[in-house]
Amino acid sequence: MMKPSQIRELAPDEMQARIAELQEELFRLKFRGATETLDDPLRLRVIRRDIARLKTVLHEEKTKQTKAGAVRAGGR
């Protein structure tokens, strides 16, 4: 499980790469879960939540950049 403080230390491209890795792992686990019993079924939940955390922090970073650009341009 990744903490938000750990995620914020990553660069945006590293976050995107981590999201892709987790989505691939989630796909493989779901596929395996459909055909056999998983050793750790809670891993699916952890992966989904990590993906959500990464996407949230990535969105926050984009929002901060957008707001900073609007302030410099004289907008709201």
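Asp50 is buried in this predicted model, and its relative accessible area is 2%. Buried here means under 20%, so Asp50 qualifies. The residue sits in helix H3, which covers residues 42–73.

What lies 3.2 Å from a polar atom of the Asp50 side chain? That is the backbone nitrogen of Met2. Leaving aside residues up to four places away in sequence, Asp50 touches Met1, Met2 and Leu22.

Next, Val46. This residue is also placed in helix H3. Val46 has 28% relative accessibility, so it counts as partly exposed. Between Val46 and Met2 there are 9.2 Å in space, C-alpha to C-alpha, with a separation of 44 residues in sequence.

Now the core. The largest nonpolar core contains 14 residues. Which residues have the most contacts inside it? They are Ile7, Met15, Ile47, Ile51 and Leu54. Two elements, helix H2 (12–35) and helix H3, each give two or more residues to this core. H3 gives the most, with six residues.

Take Leu54 from that list. Again not counting residues up to four places away in sequence, Leu54 touches Met2, Ile7, Leu10, Met15, Arg18, Ile19 and Leu22.

How values were computed
Residues numbered from 1 in each chain as written. Predicted model: local features only at pLDDT ≥ 70, side-chain atom pairs only at ≥ 80, totals over all residues. Heavy atoms only, no water. Helix = DSSP H or I, 4+ residues; strand = E, 2+ residues; numbered from the N terminus. Buried < 20%, exposed > 50% of the residue type's maximum accessible area, 1.4 Å probe, protein only. Polar contact = N/O pair within 3.5 Å; in protein donor to acceptor, adjacent residues only side chain to side chain. Contact = heavy atoms within 4.5 Å. Core = buried A, V, L, I, M, F, W, Y, C linked by side-chain atoms within 4.5 Å.
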